[in-house]
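Me: Hi! I'm new to this one, could you walk me through it?
Reply: Happy to, let's open it up and look together.

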Amino acid sequence: MGKFTISDLVFRQILEYLAQKTPAIHKVLKTRVENYGEGAKIYMEVSIVYGFNVVDGLNNFKEKSKKEIETLTAMNVTKLEVVAKNIYVPQEGGEE
């Protein structure tokens with residue numbers, strides 16, 4: 001197949017898109033991607049929406065994200081660490 005490279009920005013964009021589609025995650029605060037021969041190691045910090053189960057929300061997001069990245073990029077994700085850094089409490093009336 002030959003040698004090819006995928007920019008870290010691609011991983012970040014995929015993760016940010018998936019985070020937007022995940023109700024438990026308000027926004028991505030930080031993403032760090034390190035590429036190695038055996039695959040990519042990804043570290044993320046996110047803001048969680050108040051009222052969601054943090055553990056279930058992050059585990060579901062991690063599982064879905066790992067599958068999507070491996071499918072879209074054909075690269076292995078050796079480690080995906082997602083850390084909840086803060087909690088977002090929506091204002092009444094739906095305004096941010």
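**A chat about strands and a helix**

Reply: Let's start with a hairpin, which joins E1 to E2 through two residues. Helices (H or I, at least four residues) and strands (E, at least two) are DSSP runs, numbered from the N terminus. This is a predicted model, where local features need pLDDT of at least 70, side-chain atom pairs count only at pLDDT 80 or more, and totals for chains, interfaces and linings use all residues. Residues are numbered from 1 along each chain as its sequence is written, and side-chain values use heavy atoms, with hydrogens and water left out.

Me: Do E1 and E2 run parallel or antiparallel, and how many bridges join them?
Reply: E1 and E2 run antiparallel, and 10 bridges join them. Two strands pair if DSSP finds at least two bridges between them.

Me: Which residue stands opposite Met44?
Reply: That's Thr31, which sits in strand E1.

Me: Is Thr31 buried or exposed?
Reply: Thr31 counts as buried because its relative accessibility is 14%. Buried means under 20% relative accessible area, exposed over 50%, and partly exposed in between (1.4 Å probe, protein chains only).

Me: And what is Thr31 in contact with?
Reply: Leaving aside neighbours within four places in sequence, Thr31 is in contact with Arg12, Leu15, Ile42, Tyr43 and Met44. Contact means heavy atoms within 4.5 Å.

Me: Back to E2, how many of its residues are buried?
Reply: 10 of the 11 residues of E2 are buried, so this strand is largely enclosed by the rest of the structure. On the E3 side, 10 bridges join E2 to E3, and these two run parallel. One of those pairings puts Ile42 with its bridge partner Leu80 in E3.

Me: Switching to the helix, where is H2 and how many residues does it have?
Reply: H2 covers residues 54–73, so to speak its 20 residues. Asn53 caps the N-terminal end of H2, with a side-chain oxygen 3.0 Å from the backbone nitrogen of Val55. Just after H2, Ala74 takes a positive phi of about 60°.

Me: Which residues of H2 are buried?
Reply: They are Gly57, Leu58, Phe61, Ser65, Ile69 and Thr73. These cover an arc of only 85° around the axis, which puts them on the same side of H2. The arc is that of the directions from the helix axis to the C-beta atoms.

Me: What do the buried residues of H2 pack against?
Reply: They pack against helix H1 (8–20) and strands E1 (25–36), E2 (39–49) and E3 (77–88).

Me: Which exposed residues are on the face turned away?
Reply: Val55, Asn60, Glu63, Lys67 and Thr71 are carried there.

Note on methods
Expected span 1.5 Å × (residues − 1). Polar contact = N/O pair within 3.5 Å; in protein donor to acceptor, adjacent residues only side chain to side chain.
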